Amino acid sequence: MAKRIIPCLDVKDGRTVKGVNFVDLRDAGDPVELAWQYSQQGADELVFLDITATHERRKTMVELVKAVARQINIPFTIGGGINEISDADILLNAGADKISINSAAVRNPDFIDELAAAFGKQFVVVAVDTKLVEGTNLVHLNGGRIATEFETEKWIKEAEERGAGEILLTSMDHDGTKAGFDNSLLKKINDTISIPLIASGGAGNVQHFIDVFEKTNVDAALAASVFHYGEILIPSLKEELRKHNIEVRL
Amino acid sequence: RSGALGIINYGAGNIFSLTAALNRQGIPYAMINSVDEFDKFERYIIPGVGHAGAAMQKLEESGMVAKILNTKKPVLGICVGMQLLTEFSEEGNSKLLGVAPVKTRLFSENLKLKVPHTGWNKVSSTIDNELFKGLDQETHFYFVHSFFIEFNPNFTLASADYGIQFSAALKKDNYYGVQFHPEKSGEAGEKILKNFSLI
């Protein structure tokens, strides 16, 4: 199996939030054009995180998903504010391959079971933000601002048992540091589950991707800013991974 | 020999991404919503996601099973649509179309692998064939599935390895199947759809 490289795009009101450093980009705020650039560069998959807060949210999400599905030939996940089966249903029919749920799953764990029963577990990504608090990894909400009482490892096992098809694990201790992925935690979690694990948080350079794949057996690595600002280019990243005998799709 | 492509619309899952890929490739297609529309097409796609047994039941309810079994025109099953071409699936112990005398099995827990098999895996096309024409002999395609079709030298058109060698693509007479999702497999996947439209 090839290890997957996944750029994550933050979207608000149908526009990408973070700046992008591609040449020949007509509109850096257009998520579809950005997505297309990434797919051309060799991204294996895309994640769109919709942070729209208005009541128009659902409409803009559906429009985005349809536009991406029309034009992009690789799989993609959409996350952000999916709270009901009907939200998921409408996104599936608009062409999303997977949805990602985070706080909705923590607040109502049965939601994972319901989604898996309705659409199959392959459609359900459970995103987990984790932070070390006094020696214990705890699940956090709202991008790490709100601590829960859920222990990360236990919660991920529960999510798997309930029907998650994949886990997207973001270490809030590493996120934004550009000091590398949280390899010890990722390895520990990966060894306890039998569904794919996506590593997130801390990517700063090519070596960090080599490390995460060599030191843990995660299936995929996700990053945002290093790709958006052109600090890491996917073709050269994949070339380096290949040189280290890590299987990638070229 | 290019001719109109009919997508068998029997209610087994979302086909937005498939039709989008056909649009991008400029491949003309239409939905076949009822059995009396079947004969006017020159080739067929059987899509499918979800439970193979449930999909088979829906296909039976569509009334198109006999048409599918009797046609001499090219048929392409995708993912669960491919599994329907086999005789049996361990998913719900379901009896399927039986076009090819092979079985659909669950990835065994003994393999200690992550299931569903999700992601890009290497596909090796074994022999020269129309479906993989123009592609490298080893190409990555995107898979999402928990059940697989056993390898069989008579019907396997391309194989992949996930703890066990299985059929990534099969062929029996005018029937083709792919376990991966060509509509999500980048340019290689689009090439498969294009090739099928020209068979």
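## A partly exposed isoleucine

In this predicted model, A:Ile51 has a relative accessible area of 40% and is therefore partly exposed, since that class lies between the cut-offs of 20% and 50%. The residue sits in the loop of chain A that runs between strand E3 (46–50) and helix H2 (57–71).

A:Ile51 also contributes to a nonpolar surface patch, together with A:Val17 and A:Leu49. The area of this patch is about 220 Å².

## Chain A as a whole

Chain A contains 10 helices and 11 strands. Its radius of gyration is 17 Å, close to the 18 Å given by the globule rule for 250 residues, so chain A is as compact as a globular protein of that length. The C-alpha trace of chain A spans about 45 × 40 × 30 Å along its principal axes.

Of the 250 residues in chain A, 58% are buried. The chain exposes about 10,200 Å², and 47% of this area comes from carbon and sulfur atoms. Among contacts in chain A between residues at least 6 apart in sequence, 64% join residues at least 24 apart.

## A four-stranded sheet in chain B

Chain B has an open sheet of four strands in the order E6-E5-E7-E10, with mixed pairing. Strand E6 (94–95) and strand E10 (147–149) of chain B are the edge strands, each pairing on one side only.

Within this sheet, strand E5 (residues 86–89) and strand E7 (residues 100–106) of chain B run parallel and are joined by three bridges. B:Ser89 stands opposite B:Thr104, which belongs to E7 of chain B. In general, strands of a sheet pair through backbone hydrogen bonds, either parallel or antiparallel.

Terms used
Residues numbered from 1 in each chain as written. Chains lettered and ligands numbered in written order. Predicted model: local features only at pLDDT ≥ 70, side-chain atom pairs only at ≥ 80, totals over all residues. Heavy atoms only, no water. Pairing = 2+ DSSP bridges. Helix = DSSP H or I, 4+ residues; strand = E, 2+ residues; numbered from the N terminus. Patch = residues over 30% accessible without salt bridge, like charges linked within 9 Å, V, L, I, M, F, W, Y side chains within 5 Å. Areas by Shrake-Rupley, 256 points an atom, 1.4 Å probe, with all protein chains shown as cover. Salt bridge = Lys/Arg side-chain N within 4 Å of Asp/Glu carboxyl O. Buried < 20%, exposed > 50% of the residue type's maximum accessible area, 1.4 Å probe, protein only. Rg over C-alpha atoms; globule rule 2.2 N^0.38 Å. Contact = heavy atoms within 4.5 Å.
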